[in-house]
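Have the model open as you read.

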Amino acid sequence: MSTRGKASSKRQTGAATPIDSGTGIGTAPIVATSQVSRFHAETLTTLSNDIDLKDVSVTIGSRTLLSGANLRLFRGVHYGLIGQNGVGKSTLLKAIGYKLLSGFPSNVRVLYVEQLEGTDMARPVVRVVMDADRKAAQARKELKLVQKALEADNPEEVARVMREVRLERFRDELAAADKTALERSGARGADARKRLIEQEKLMEDALAANAEPFSQDEITRAVVEAQELLAELFGAMDLYGEEEAEAKGRSILKGLRFLPAWHDRPLGELSGGWRIRVALASALHIEPDILLLDEPTNHLDLPAIIWLQDYLSQLDNTTIVTVSHDRAFLNAIADEIIVFKNQTLTYHDGNFDEYMEHTEEKRKYMERMAEAIERKKAAAEKTVQTAMSQARKAGDDKKMAQAASRQRKLERIGMEVNDKGHRFKLNRDRAGYHFSTRGDAEVEKMEQAPTWSIPDPIPLRQAGAIIEVEDVSLGYDKKQPPLMTGVILNISQTARIAIVGANGSGKTTLVKALVGDIPPMKGKMHRHLSAKIGYFTQHHVDELHQHPVNTTAMSLLLEKDPESREQECRAHLGKYGIKGSLALQPLRSLSGGQMVRVAFALSTFGSSPHLLILDEPTNHLTTEALIMALKEFAGAVVIVSHDQFFVSEVAEQVYAVRKKKLELLEGGMEEYMPFQEYQVVGRHLPTEADPTPKIYRMRIFAPNEVVAKSRFWYFLRQLKKVKKASGEIIGVNVIHEKKPLKIKNFGIWLRYDSRSGTHNMYKEFRELSRADAVKALYQDMAARHRARFRSIHILRVVEIEKSEDVRRPYIKQLLVPKLKFPLPHRVQKVRSTFVAHRPATF
C-alpha cells in the first residue's frame with residue numbers, strides 16, 4: 001500500500017488499515033489521506049488541540065466516501081455529524097479515532113468509543129471503567145508492584161520487579177512501533193520500520209538481560225531506581241489516584257442508570273445493551289481531547305439520555321463529534337452541525353433545528369433569487385428582440401448596434417452578491433473559465449431520504465379491537481412477584497400507541513405478552529382471530545450478524561419464501577430503500593441503518609400485519625422516512641422508544657410504565673418529563689471592545705437543565721440578541737416555590753404557533769406551584785389545540801392573589817362556597833321570545 005506524492009510543495013499522505021468499516025465493502029481497508037506540507041513531521045506536537053486538515057479523502061475498497069474535504073475540529077466545540085444512512089459517518093469516525101489521517105498532532109488524545117471493546121469479561125464493571133485510561137491503569141499497577149517489593153525488604157525481589165517493569169514498558173513501546181509501521185507507507189513507512197527494528201533489538205536485549213542472574217551491582221542500583229520510580233509514581237497518583245478514579249467511575253455508572261450492586265459485577269454477566277453503556281462510561285471517564293460518539297443514545301432510556309446530555313454539555317474543554325439520529329439529543333448537545341453530503345463536509349453554526357431552519361431559509365431565498373433572475377432575463381431578452389426587430393424593419397444600423405450591446409449585457413445578469421453576502425466582483429468571485437460572467441442562483445436540492453412503504457393489510461371483516469388487555473399481571477416466574485400488575489390496554493385497528501419507561505421497568509415484557517411469547521399470570525387478554533401481528537426488535541438486527549459472511553438481503557428473502565421470484569423480492573426490498581446493488585451486497589458490508597431496513601423488510605415479507613409492534617426501531621436509523629411510512633400505514637402501530645421526537649410525531653396515545661403499572665399520559669411526552677422552573681443567565685463572550693457585555697436573564701420552564709439552556713439560546717436567537725456560538729451561560733438556578741403546600745391561582749399569558757398562524761392566549765389554572773400550572777397548561781394545549789411543546793412560548797406566569805381578579809369561569813366556580821350543580825356558568829339562559837297562538841273558537 002503506497003501513497004502518491006504531488007509534484008508541488010505539498011503531498012498526499014495517509015494510511016491504509018484493514019478495519020471493519022460498517023459500510024461499503026465490509027472489512028476492506030480504509031484508505032485515509034490528507035494534504036500536508038512536505039516539511040511536515042509525522043510526530044508533530046503542537047500547543048493547540050485544534051484540528052484543521054485540508055484535502056481529506058477517505059476511500060474503502062473501490063468506493064470513495066470523502067474527496068477533497070476540509071476536516072476542521074476546534075477545541076471545546078461540540079459537533080453533530082449528520083448524513084444519510086450508508087454515507088460513511090461511522091467510517092469517518094474510525095479514520096479519525098484510529099489516527100489514520102496524518103497531520104494529527106501526536107499530543108492530541110482521540111478516543112473512539114468502539115476502541116474499548118475486547119476487555120476481559122471476568123473483570124468488575126467499575127474496574128473496566130477505571131482501567132479505560134491505560135496510562136493511569138499502568139501507573140497504578142507499577143505503584144503496587146514497586147511498593148510491595150520495597151516493603152518486603154528483599155533487594156533481589158526489588159531487582160526482579162524493576163526488570164519486570166522495564167520489560168513491560170519495552171513491550172508497550174514495541175506494540176506502538178509495530179502499529180505505526182503497519183499504518184504508514186512510502187518513505188514514512190521505511191522510517192517507521194527502521195524504528196521498529198531498533199525497538200525489536202532493544203526488546204531482545206532486555207529479554208536476554210532478564211535471563212542472566214542478578215549481580216550485586218544491579219541489586220544495589222535496583223533499590224535506588226525503585227525509590228526514584230516510587231517517588232515519580234506517587235507524583236503521578238495526584239493525577240491518577242485510585243480513590244478519585246473509582247469515585248468518578250461509580251458516579252458515571254450511576255448516571256447511566258447502573259444499580260450500585262451492578263458496579264462490582266463481572267462484565268460478562270451484563271447484556272449487550274448494558275455492555276455498550278460500560279463502553280460509553282469508559283469513554284466518559286477518560287475525558288480525551290477529542291471524543292467520538294457513534295449513536296451513544298442506543299440502548300439508553302430517557303433518564304440516562306438526559307443525564308448524558310447534561311454530562312456532555314459540561315465538558316467545555318473536550319471536542320466532541322457525535323453521530324446520532326435522536327434530534328432532541330443533537331439539539332441539546334451540538335454547537336455546530338457537520339453535514340456529510342456529496343463526498344464533502346460542510347459546517348453550520350447552531351444545533352440541528354437551527355441548521356434545518358437556516359437551510360430552509362437559504363433554499364427559499366435562492367428560489368426567490370432564481371425566479372427574479374429568470375424574470376429579469378426574460379424581460380431583457382424580450383426588450384432586445386423587440387429592438388432588433390424594429391431596427392431591421394427601419395434598417396437603422398445604430399439601433400442594431402444598440403440591440404447587440406444589450407444582447408452582450410445579458411451575460412452579466414445573475415447573482416449580484418457572493419456566497420458571503422458581499423457585492424459580486426468578477427476577478428474575485430468568478431475565477432477560472434466560465435460561459436457567463438455571472439452565475440445563476442443555484443437552488444440546493446433537498447436531500448431525499450430513502451422512502452419507505454409498509455404494505456397495508458387486508459381490511460378485517462369483523463370490527464373490534466385487535467388486542468384487549470383486562471387487568472393483566474405479567475411476569476416470568478409464578479414464584480416471584482409479577483413485573484407488572486393491573487394492566488389495562490385496548491389496541492384498536494387504527495391505534496397509534498407509544499410505551500415509554502425506564503430500562504428494566506417491564507416494557508419488553510409487556511410487548512412479549514402482546515405478541516404471545518409469554519402468557520399472562522393473571523387477567524384476560526383477547527386477540528382478534530383474523531388479525532396478523534408483526535413484531536420488530538433490535539434482536540432481529542443482531543440475528544442478521546449471525547448469518548454466513550456472504551449472505552445478502554436478497555438471499556434472506558428467497559430463503560424465507562423459496563417460491564417467490566427475484567423481481568418480487570427486489571420490489572419488497574425497494575419499499576424500504578434497499579435498491580440496486582445494495583440488495584446483493586453482503587450483510588456485513590451494510591451500515592447500521594441499512595441493516596435495520598433489511599430487518600424490517602424481512603419481518604414484513606410475505607404478510608402484511610394488521611398490528612405492527614416496534615421495540616426501539618430508531619437505533620441507527622434516520623427517523624423521517626420511518627415516521628412518514630408509519631403515518632401512511634393503514635394498520636395499527638405500537639412503538640416502544642425513548643426518542644422524544646419520534647414518539648411525539650407518531651403516537652396519538654402515550655403510556656408510561658411506572659411502579660409496575662401502565663399509566664395513560666394525557667399530555668403525551670411532555671407529561672412524562674417532570675417540569676421545573678429555571679432562571680438562566682447568559683451574555684455575549686467578553687471581548688477587548690466590550691469586556692463587560694450585557695447580561696440577559698430568562699425564566700424558563702423545562703424538564704431538565706439541558707433543555708432549559710437549549711430553549712434559552714433559542715429564544716435569544718429569535719430575539720436577535722445572542723447566538724450560542726458567540727455567547728456563554730453564566731449560571732442556571734432552579735426556582736423553588738415559596739409555599740409548595742398551598743393551592744394557588746395562576747394566570748398564564750402565552751403565544752403558540754399553529755397551521756393557521758400565531759395566536760396569543762390567556763389561561764388560568766389552580767395548582768400548587770408555577771411549574772405544576774405550566775405542566776397543566778401544556779397538557780391542556782395538547783388536548784384542546786394539539787399544540788406541541790416546541791411551538792408554545794410562555795410569556796408570563798403570575799399568581800392571582802385576589803379572588804375577584806380571577807377572570808375565567810372554570811376557575812371562579814372553584815372559589816364559590818357550597819358549589820352546586822349544574823355549574824353557574826354552564827346553566828343555559830332562556831331568552832323570552834314572542835310565540836304566536838291560534839285564537840280559541842269557543
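Let's start in helix 12 (residues 397-409), which is where Lys-409 sits. This is a predicted model, and in it Lys-409 comes out as partly exposed, at 45% relative accessibility.

Next up, the salt bridges. The structure has 22 of them, including these:

| Pair | N to O distance |
|---|---|
| Glu-168 and Arg-171 | 3.5 Å |
| Arg-250 and Asp-264 | 3.1 Å |
| Glu-367 and Arg-363 | 2.6 Å |

Glu-168 and Arg-171 are 3 residues apart in helix 4 (residues 155-183), about one turn of the helix. Glu-168 is partly exposed at 25% relative accessibility, and Arg-171 is partly exposed at 40%. Arg-250 belongs to helix 7 (residues 242-255) while Asp-264 is in the loop between helix 7 and helix 8 (272-286), so this pair ties together parts 14 residues apart in sequence.

Glu-367 and Arg-363 are 4 residues apart in helix 11 (residues 352-394), or about one helical turn. Arg-363 is buried because its relative accessible area, 18%, is under the 20% cut-off, whereas Glu-367 is partly exposed at 30%. There's a network too: salt bridges with shared partners link Glu-157, Arg-160 and Glu-164.

Now for the backbone. Asn-342 isn't a glycine, yet its phi is positive, about 55 degrees. Asn-342 is found in the loop between strand 9 (336-341) and strand 10 (344-349), and is exposed at 67% relative accessibility. Asp-471, also not a glycine, has a positive phi of about 50 degrees; Asp-471 is in strand 11 (residues 467-474).

Note on methods
Residues are numbered from 1 along each chain as its sequence is written. This is a predicted model: local features need pLDDT of at least 70, side-chain atom pairs count only at pLDDT 80 or more; totals for chains, interfaces and linings use all residues. Side-chain values use heavy atoms; hydrogens and water are left out. Helices (H or I, at least four residues) and strands (E, at least two) are DSSP runs, numbered from the N terminus. Buried means under 20% relative accessible area, exposed over 50%, partly exposed in between (1.4 Å probe, protein chains only). A salt bridge is a side-chain nitrogen of Lys or Arg within 4 Å of a carboxyl oxygen of Asp or Glu.
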